[in-house]
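Have the model open beside you.

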Amino acid sequence: MRIRRRATLVVTFEDSRTVIHDFLSQTRYEAGAAVLATLAALDDWNSMEDALAAAARSTGETDKARDIVKGLIEQELAVVEDSPAAERDQQYRDTWRWGAVAGWYQFSLRDQKFLEGEQTEDRMWKYREVGDMPPVLATHEGIENRIELPNFDLDDPFFAELQSRASRREYSGKNISLNQLAQCLYAANGVKSVNEHGPF
């Protein structure tokens, strides 16, 4: 049996804790130095004996080494060759090309639950309790390099068009039709033209 570290792990330091994030499964684990050292040694497929030896080098104790390797497999921080978890990990390795930081960003934002109505207002009041909100208006006071903009006609039709645009945050709660959904998706993401430039 062979094991290796998952490709979807990122480590952060939070206060005095070291935290391993598996961004694909959106799980997190606190870990010590021995666990991190063992994971670092499992960059490629290793026999169970080699994995135990790597853990033993970190801990100096065979029993602790067994516990570490067993825990890594149970938490799927290390995957066993030919297992469903290993197949998912390989699919990620074969298809994702943008590195772990971009992967963490992309997959951590997936399937988020958004707040609605009163939940949003309650959250904002909690933020207000922590401290003052930033100023509503920013000024250019104290900035040396400034470009003076020209005055313009407030009655200009182009300005009137810009002025009339606004985001509305009032929702009816009614469903939209599939046709309306198709139009929204196409307007936001549809292929409207293809431009080729060199390799792109």
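How many bridges join strand β1 to strand β5? Two bridges join β1 (residues 2-5) to β5 (residues 46-47), and the strands run antiparallel. Before going further, keep in mind that this is a predicted model, where local features need pLDDT of at least 70, side-chain atom pairs count only at pLDDT 80 or more, and totals for chains, interfaces and linings use all residues. Residues are numbered from 1 along each chain as its sequence is written, and side-chain values use heavy atoms, with hydrogens and water left out.

**The β5-β1-β6 sheet**

Strands here are DSSP runs of E with at least two residues, helices are runs of H or I with at least four residues, and both are numbered from the N terminus. Two strands pair if DSSP finds at least two bridges between them. With that in hand, β5, β1 and β6 form an open sheet of three strands in the order β5-β1-β6, with antiparallel pairing. β5 and β6 are the edge strands, each pairing on one side only. Three bridges join β1 to β6 (residues 78-80).

**The β2-β3-β4 sheet**

Another open sheet has the order β2-β3-β4, again with antiparallel pairing. Its edges are β2 (9-14) and β4 (27-30); each has a single partner strand, so one side of each is left without a neighbour in the sheet. From one strand to the next, the twist averages 25°. Four bridges join β3 (residues 17-22) to β4. The hairpin of these two strands has four residues between them, and Q26 takes a positive phi near 55° there.

Here are some residue partners from both sheets:

| Residue | Partner | Partner strand |
|---|---|---|
| I3 | N46 | β5 |
| R5 | A78 | β6 |
| V19 | E30 | β4 |

**Two helices**

Two packed helices are described by the angle between their axes and the distance between the axes. The axes of helix α1 (residues 33-41) and helix α2 (residues 48-59) come within 9 Å and cross at roughly 145°. Axes are lines fitted to C-alpha atoms, for helices over the stretch in contact, and angles run from 0 to 180 degrees between N-to-C directions. On the α1 side, A34, A37, T38 and A41 make the contact, and they meet A51, A54, A55, S58 and T59 of α2. Contact means heavy atoms within 4.5 Å. These residues divide into six nonpolar, three polar and no charged. Ala, Val, Leu, Ile, Met, Phe, Trp, Tyr, Cys and Pro count as nonpolar, Asp, Glu, Lys and Arg as charged, and the others, Gly among them, as polar.

**The largest pocket**

What lines the largest pocket? The lining is L115, E116, G117, T120, R169 and Y171. It splits into two nonpolar, two polar and two charged residues. A pocket is an open set of points on a 1 Å grid over the protein atoms alone, where a 1.4 Å probe fits, with protein on both sides within 12 Å along at least five of seven lines; lining residues have an atom within 4 Å of a point.
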